[in-house]
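Colleague: I've got a structure open on my screen and I'd like to learn how to read it. Can you walk me through it, feature by feature?

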Amino acid sequence: MSEECLSSARGTFEAVVSFNRRIGPGFCRLGLEFSGEGAKAFAHFEPGQFAQLDISNTALPSPEAVPDHLRDAAGRNVLLRRPFSFAQMTAEGRKTTGELLYGVVGPATVRMTTLSAGDKLSIIGPLGRGFRIPEGKKTLLLVGGGMGTPPLQHLAQALTSQGSGIEIIAFAGARTAEALPYEGRLDDISQQLGFSLAEFAKCGVESLVATDDGTAGHRGLVTDHLLQWLEQSKLTPDEMMMCACGPEAMLARVSRIAAERNIDCQLSMERRMACGIGLCQSCAVECRVPGSSETIYKMCCEHGPVFDAKEVVF
Amino acid sequence: MGDNIDISVDFAGLKLVNPVFTVSGTCGYADELSDFMDVNCLGGFITKSITLAPRKGNATPRIVETDSGMLNAIGLANVGLEKFIEEKLPVLENFSPAVFVNVAGQTIEEYVAVTERLSSERAIAGFELNISCPNVKKGGISFGRDPEQVAGITSAVKKAAGEKVLMVKLSPAVTDISVIAAAAVEAGADALSLVNTFTAMVIDIETRKPVLANRTGGLSGPAIKPIAVYLVNKVYNEVAKKRDIPLLGGGGIRTALDAIEFIIAGASGVGIGTTNFIEPDCAAKIIDGIRDYCVRNDITNIKELTGSLLE
């Protein structure tokens with residue numbers, strides 16, 4: 001077995017928290033540092049792959065720090081690991097550092113708010129299959145809805161740091177300005193239609209924002225914004241590619257838009273999963289069988305989480 | 001330390017290096033755990049349920065977490081007998097743990113066909129008869145609730161199993177588990193495994209709908225452990241001990257301490273399930289922990305511990 005092969009194997013590793021920063025109401029960005037074998041394994045972590053974090057030993061915040069809407073749910077025991085994709089992964093020397101984003105939505109993520117620099121977490125990864133960008137694409141359109149932005153940020157970071165030369169445009173949508181999980185100062189820039197989100201701007205990627213209520217960027221669905229852009233674009237379908245992550249309804253719309261225009265498209269799917277490593281068979285995604293009306297279930301953890309949009313049945 | 005300690009067990013004529021099994025539906029078909037641990041350290045290994053034809057399984061959501069547990073309703077999704085033989089069996093041939101194939105079906109004929117086809121395979125030590133799956137409409141638990149049906153299917157599959165060991169997996173969702181256990185043993189079961197999951201439900205109070213697409217699922221994990229320990233002890237006292245039938249006990253085992261409880265209650269082997277999802281190398285740690293317990297308690301042979309509960 002080659003060195004390459006050995007170092008990219010999945011496994012259970014220890015990650016050390018480097019920071020845990022609140023970036024908006026209900027959103028945090030968590031920095032993790034890997035050393036030793038974990039650094040080698042996570043150096044090969046591809047955009048769109050995921051990892052399983054063990055939060056079961058992490059303490060609850062003090063009662064007054066628990067958001068009101070989670071007061072009842074927060075006390076539940078956390079048994080299973082939680083899957084996360086990463087917004088960034090950087091290998092430097094013997095260390096690999098990663099950043100992930102989480103919304104405070106339940107008993108596990110409310111516990112994660114108490115993590116601080118130096119804390120240790122057990123993490124299983126890298127898991128699943130990430131985005132694969134074929135040769136010859138001129139423009140990559142990233143479409144992120146709600147919390148579905150980390151793997152797109154990671155993809156933008158990876159492609160620009162590789163000097164791929166591909167033009168990248170990020171479409172980011174949310175219900176309202178406050179629900180956009182970005183560190184970019186929305187107040188300063190929300191007046192402009194095509195403002196830049198810091199996470200994408202730092203890799204030179206233009207970002208276009210849409211909110212359902214118009215409190216930031218374009219008013220309406222992110223997919224409507226995408227459609228408008230496509231209508232004005234002079235690119236041919238085979239020069240373009242779309243990668244999307246977000247709520248299932250948004251993914252279904254992106255999939256339809258791609259199919260109607262014959263644009264290559266990959267979707268990062270989300271399913272409830274227990275193990276993330278192919279044991280429990282919970283995270284089934286219904287997929288088409290080419291040349292047949294039959295469908296089959298493919299496991300999100302092993303075949304995905306990134307699927308070709310043509311495969312997925314919505 | 002511990003060199004003079006024997007943690008091997010005799011399990012229905014099989015010599016196992018230790019009592020620890022990974023159980024059906026939590027450890028794949030063969031080598032899926034091998035990225036995380038040396039699967040050859042196990043005493044026994046039980047495959048995912050195999051049915052005659054491939055099964056797609058249920059719609060999603062198929063799982064939901066509960067307080068200290070989880071519900072699953074996978075619906076016996078599996079690759080089917082032929083693909084299992086083609087792709088998975090060759091991997092199992094190099095396994096040192098005793099391999100049990102978990103057999104499921106909708107009719108007795110289907111159980112018999114799967115068992116017969118595999119009964120001459122060298123890689124397989126035995127079969128685990130799944131008559132306790134709560135998540136399928138036909139078969140599964142419907143065979144496991146009535147003692148006459150249990151006897152019928154057990155004796156039919158026993159014939160099909162030939163020389164191989166037949167273990168029957170019991171559901172806890174019955175009025176008296178000992179009646180079912182006795183029926184299985186009288187009909188030829190060489191071993192019993194218990195418990196399968198408990199039928200359960202989680203409701204989303206915002207939508208007022210069940211969370212699982214299947215409505216109900218099987219509860220597993222630490223939440224069920226004390227009930228499982230009780231049921232193992234009951235079946236040991238009322239059925240297994242006097243007939244010298246080994247029990248594979250499990251339900252919510254997370255650590256060696258949990259495993260030891262089951263052994264004291266009457267189990268010869270212990271099955272690790274849900275914890276494989278969380279700590280995929282937990283079985284190896286539990287094996288070490290069992291050895292440590294023996295050292296601390298001057299137990300030279302783990303067999304002394306089975307059924308050693310003091311009243």
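What follows is a chat that goes from whole chains down to single residues.

Modeller: Happy to. Keep in mind that this is a predicted model. Let's begin with the overall build of each chain.

Colleague: What secondary structure is there in chain A and in chain B?

Modeller: Chain A has eight helices and 16 strands. Chain B comes to nine helices and 16 strands.

Colleague: How do I judge whether chain A is a compact globule?

Modeller: Compare its radius of gyration with what the chain length predicts. For 314 residues a compact globule would come out near 20 Å, and chain A has 19 Å, so the two agree. Its C-alpha trace spans about 50 × 50 × 40 Å along the principal axes.

Colleague: And what does that test give for chain B?

Modeller: Agreement again: 311 residues would call for a radius near 19 Å in a compact globule, and chain B has 18 Å. The box around its C-alpha atoms is roughly 55 × 50 × 40 Å along the principal axes.

Colleague: What about the surface that is left?

Modeller: Chain A exposes about 13,600 Å², with 48% supplied by carbon and sulfur atoms. Chain B has an accessible surface of about 12,000 Å², and carbon and sulfur atoms make up 50% of that.

Colleague: How far apart are the mean positions of the positive and negative charges?

Modeller: In chain A, the 30 positive and 36 negative charges have mean positions 3 Å apart. In chain B, with 29 positive and 37 negative charges, the separation is 6 Å.

Colleague: Now the inside. What should I look for in a nonpolar core?

Modeller: In soluble globular proteins, nonpolar side chains tend to be buried together. Here the largest core has 155 residues, and Phe84(B), Leu118(B), Leu192(B) and Ile290(B) touch the most other members. Helix 6 of chain B, residues 225–243, gives the most to this core, with eight residues. Another core of 30 residues lies apart from it, including Ala15(A), Cys28(A), Ala41(A) and Phe86(A).

Colleague: Which residues does Phe84(B) contact, leaving aside its neighbours in sequence?

Modeller: Beyond four places in sequence, Phe84(B) meets Tyr29(B), Thr47(B), Ile50(B), Val79(B), Leu89(B), Leu92(B), Val101(B) and Leu118(B).

Colleague: Leu118(B) turned up among the core residues, too. How do I read a helix with a buried side?

Modeller: An α-helix has 3.6 residues a turn, so residues three or four places apart point the same way. Look at helix 2 of chain B, residues 108–118: Glu110(B), Tyr111(B), Val112(B), Val114(B), Thr115(B) and Leu118(B) are buried there. Their cover includes helix 1, strand 7, strand 8, helix 3 and helix 4 of chain B.

Colleague: Is Ser193(B) buried or exposed?

Modeller: Buried, because its relative accessibility is 2% and the cut-off is under 20%. Ser193(B) sits in strand 10 of chain B, residues 191–194.

Colleague: Where are the positive phi values?

Modeller: Ser68(B) has one, about 55°, in the loop between strands 5 and 6 of chain B. Arg215(B) has a phi near 75° and lies in the loop between strands 13 and 14 of chain B.

Key. Residues are numbered from 1 along each chain as its sequence is written. Chains are lettered from A and ligands numbered from 1 in the order in which they are written. This is a predicted model: local features need pLDDT of at least 70, side-chain atom pairs count only at pLDDT 80 or more; totals for chains, interfaces and linings use all residues. Side-chain values use heavy atoms; hydrogens and water are left out. A nonpolar core is a set of buried Ala, Val, Leu, Ile, Met, Phe, Trp, Tyr and Cys residues joined through side-chain atoms within 4.5 Å. Buried means under 20% relative accessible area, exposed over 50%, partly exposed in between (1.4 Å probe, protein chains only). Helices (H or I, at least four residues) and strands (E, at least two) are DSSP runs, numbered from the N terminus. Contact means heavy atoms within 4.5 Å. The radius of gyration is taken over C-alpha atoms; the globule rule is 2.2 Å times the number of residues to the power 0.38. Accessible areas come from the Shrake-Rupley method with a 1.4 Å probe; for residues, only the protein chains shown count as cover. Lys and Arg count as positive and Asp and Glu as negative; His and the chain ends are not counted. The place of a charge is taken as NZ of Lys, CZ of Arg, CG of Asp or CD of Glu.
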